[in-house]
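Here's a quick briefing to read alongside the fold.

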Amino acid sequence: MISVVIPAHNEAALLPQTFASVRLQNAPHEIIVAGAGSTDETMELAEARGARVVESAHRQRAAQMNAGARMARGDSLLFLHADTLLAPPALDVIERAFRDPSIVGGGFARRFQPTSSILRLTCALAELRTRCCGWFLGDQAIFVRRSVFERLGGFREWDVFEDLDFSRRLARTGRVVTLRPPVISSGRRFAAHGALRTTWSDSCLTLRYLAGRLPEPDLRAGRGRQLPCLRLQPVTPGPARMESLYPNPHPPVR
């Protein structure tokens with residue numbers, strides 16, 4: 001069974017579409033929503049749709065994902081952002097990949113909705129990065145064998161780069177793979193400042209991290225301050241329809 005862990009905070013508007021994309025899966029699975037004091041109906045909505053829920057002690061994606069993983073019953077874990085949709089065969093593709101014992105985990109190719117030429121380019125470069133280096137970001141739906149996740153000690157509870165740090169450590173333990181069809185991730189965080197400016201900001205901070213210029217105290221930076229060149233404040237649109245994103249209920253696996 002695959003445990004789908006969704007960290008969520010005030011995501012009641014988008015969560016139903018994310019749930020719908022998971023419920024289309026044929027492979028055995030459970031859904032765990034890891035909250036952190038939502039003030040909307042996120043957790044009530046999750047429980048009403050049959051998910052198991054857990055509250056993290058503090059609002060941080062890494063801490064929430066670790067909390068969700070601790071209560072998981074599956075032998076595989078998939079960490080799915082609340083604004084990211086799975087293609088219908090996604091969990092089947094993961095199960096198929098894990099038939100190879102050398103594979104320890106990986107992630108999916110990604111595209112954004114709505115899209116733009118800049119975002120299409122970033123997705124192409126991201127897929128090149130994952131195939132060459134095995135480095136995934138959280139909106140690529142990172143998956144991992146549970147035994148490997150526990151051996152790695154889960155996500156480091158950082159406010160930034162917990163996903164990149166985890167995938168880099170994961171790639172050192174065994175073979176990681178990039179799967180298709182791609183997940184559909186919301187482009188909402190690019191709306192306030194534009195795709196180009198936000199991508200540039202993200203790239204600057206990533207280079208600082210990879211160069212070792214963000215010491216651990218900065219990576220654990222409190223939620224009350226924002227690092228230079230950090231992610232810009234997202235704007236939340238209304239949820240998109242699943243049918244418009246995946247018009248073919250069974251897109252081909254490549």
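R180 counts as partly exposed, at 23% relative accessibility; that label covers anything between buried (under 20% relative accessible area) and exposed (over 50%), using a 1.4 Å probe and protein chains only. Bear in mind that this is a predicted model, where local features need pLDDT of at least 70 and side-chain atom pairs count only at pLDDT 80 or more, while totals for chains, interfaces and linings use all residues. Numbering runs from 1 along each chain as its sequence is written, and side-chain values use heavy atoms, with hydrogens and water left out.

**Salt bridges**

- A salt bridge here is a side-chain nitrogen of Lys or Arg within 4 Å of a carboxyl oxygen of Asp or Glu, and the count comes to 11.
- R180 pairs up with E127 in one of these, at 2.9 Å from N to O. E127 sits in helix α5 (residues 117–133) and R180 in strand β8, so the pair ties together parts 53 residues apart in sequence. Helices (H or I, at least four residues) and strands (E, at least two) are DSSP runs, numbered from the N terminus.
- E127 is buried, with a relative accessible area of 15%.
- R175 bridges to D100, with the closest N and O atoms 2.9 Å apart.
- R156 and D165 meet at 2.6 Å, N to O. D165 is buried at 5% relative accessible area, whereas R156 is partly exposed at 38%.
- E11, D83 and R188 are linked in a salt-bridge network.

**The buried face of α4**

- Helix α4 (residues 90–97) has A90, L91, V93, I94 and A97 buried. They cover an arc of only 155° around the axis, which puts them on the same side of α4; the arc is taken from the directions from the helix axis to the C-beta atoms.
- An α-helix has 3.6 residues a turn, so residues three or four places apart point the same way.
- What do the buried residues of α4 pack against? Their partners are β1 (2–7), β2 (29–35), β4, β6 (103–113), β7 (142–145) and β8 (175–186).

**S76 in β4**

- S76 lies in strand β4 (residues 76–79) and is buried, at 7% relative accessible area.
- Beyond its neighbours within four places in sequence, S76 is in contact (heavy atoms within 4.5 Å) with M1, I2, S3, F98, V144 and R146.
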